[in-house]
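Student: I have a structure open and want to learn how to read its features. Can you take me through some of them?

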Amino acid sequence: VLGAALSNRLKELAVLYDAGKALNSVLVIDEVLQLILASAFELLEASSGYIMLLEGANDLVVACRAGVVSDDGVRMAVGEGIAARVVRDREPLLIKGTVSENGRLESESAVCVPLIHRQDVLGVLILRGAADHVYSEHDLRAVSLFAEHAAIAVANARLYEAERALSVQLSHQVVHDPLTGAANRVLVNGRMAHALARVRRAECSMGVLFIDVDDFKLVNDELGHGVGDLVLTAIAQRLSSCVRPSDTVGRFGGDEFVIVCEDLIDDDGATDIAYRVLQVLDAPFSTPSGDRSLSVSIGVATCNIHNPIEADDLVRA
């Protein structure tokens with residue numbers, strides 16, 4: 001009996017060690033949650049289980065599940081059910097009972113442990129044993145120790161996702177106009193350089209449309225700069241809606257926009273896009289002071305292998 005007990009303890013330690021190494025190597029939150037459940041299943045020989053994470057201060061949401069788990073309780077308010085009790089008390093819970101299955105009574109048990117990182121409750125881990133596999137206090141202690149490592153892994157994955165989202169946001173802000181969301185000069189120049197390189201390889205033609213809103217100063221003077229900003233944003237949205245996926249809409253500053261047209265079959269392609277721009281901007285713009293009609297002037301310059309030109313000269317042309 002002692003030998004069997006020691007063997008079981010060694011197995012638990014091995015599972016905890018392997019799970020700890022694996023959790024330290026994964027940073028994507030979905031993969032972390034799946035790994036936590038898989039390791040917990042191996043540790044306690046569970047038949048089903050799920051992880052609920054705390055969203056805000058009042059909601060527990062099922063974030064990962066395995067085995068045969070009911071869809072009930074996918075989202076519950078804190079204060080309802082066993083999981084909410086564990087979150088509130090910050091203490092693991094061992095549940096035991098009997099159920100009637102096929103005309104006979106079977107023992108059933110489950111464990112529910114909190115995932116706590118630096119005094120913050122992140123959620124709960126719930127495991128249900130197979131029929132007549134009754135968990136003990138020792139099982140509860142083992143999964144509680146495992147939950148400490150699991151909570152660290154969840155916190156690290158969330159931090160990684162937040163940093164990645166911030167990095168994407170900052171990268172977007174570096175090359176986009178903060179008001180309209182259109183490309184800024186840095187991105188426009190980069191796209192022009194890319195297009196000109198393809199032109200030099202005789203792969204295609206390219207064109208640049210320089211768009212200036214006529215008398216836009218009157219909008220700011222009569223309706224205010226706030227309304228002017230709304231109109232500029234609407235212009236950028238309309239421009240994006242009428243160009244091709246390979247084209248780049250950029251704001252050069254003030255009421256000046258640029259469209260870089262790549263992959264043109266011939267020089268007429270840029271003129272065709274310019275006429276589409278005129279058509280889409282012809283409709284009035286809605287403002288808090290009523291509809292306002294605007295006109296624009298468009299300069300068109302093209303470039304091909306027979307007419308090489310630098311980016312700055314192309315914009316000036």
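Tutor: Start with Cys261. Its relative accessibility is 0%, so Cys261 counts as buried (under 20% relative accessible area; exposed is over 50%, partly exposed in between, with a 1.4 Å probe and protein chains only). This is a predicted model: local features need pLDDT of at least 70, side-chain atom pairs count only at pLDDT 80 or more, and totals for chains, interfaces and linings use all residues. Residues are numbered from 1 along each chain as its sequence is written, and side-chain values use heavy atoms, with hydrogens and water left out.

Student: How many disulfides does a search of the whole structure find?

Tutor: A disulfide is a pair of cysteine sulfur atoms within 2.5 Å. The search finds 0. For Cys261, the closest cysteine sulfur is in Cys242, 9.7 Å away, too far for a bond. Cys204 is buried, at 15% relative accessible area.

Student: How do I read a pair of aromatic rings?

Tutor: Use the distance of the centres and the angle of the planes. Rings of Phe, Tyr and Trp (its six-membered ring) pair if their centres lie within 6.5 Å; planes under 30 degrees apart are stacked, over 60 edge-to-face, the rest tilted. This structure holds 1 aromatic pair. Phe210 and Phe252 sit 5.8 Å centre to centre, with 80° between the planes, an edge-to-face pair.

Student: Where in the chain are Phe210 and Phe252?

Tutor: Phe210 is in strand E7 (residues 205-213) and Phe252 in strand E8 (residues 248-253), 42 residues apart, so the pair links distant parts of the chain. Strands (E, at least two residues) and helices (H or I, at least four) are DSSP runs, numbered from the N terminus. Phe210 is partly exposed, at 22% relative accessible area. Phe252 is buried, at 13%.

Student: And two packed helices?

Tutor: Describe them by the angle between their axes and the distance between the axes. Axes are lines fitted to C-alpha atoms, for helices over the stretch in contact; angles run from 0 to 180 degrees between N-to-C directions. H2 (residues 29-44) and H4 (residues 137-174) pack at about 170°, axes 9 Å apart. That makes H2 roughly antiparallel to H4 (over 145 degrees; under 35 is roughly parallel, 65 to 115 roughly perpendicular, the rest oblique).

Student: How does the packing of H6 with H7 read?

Tutor: H6 (residues 216-223) and H7 (residues 225-242) pack at about 140°, axes 7 Å apart. That makes H6 oblique to H7.
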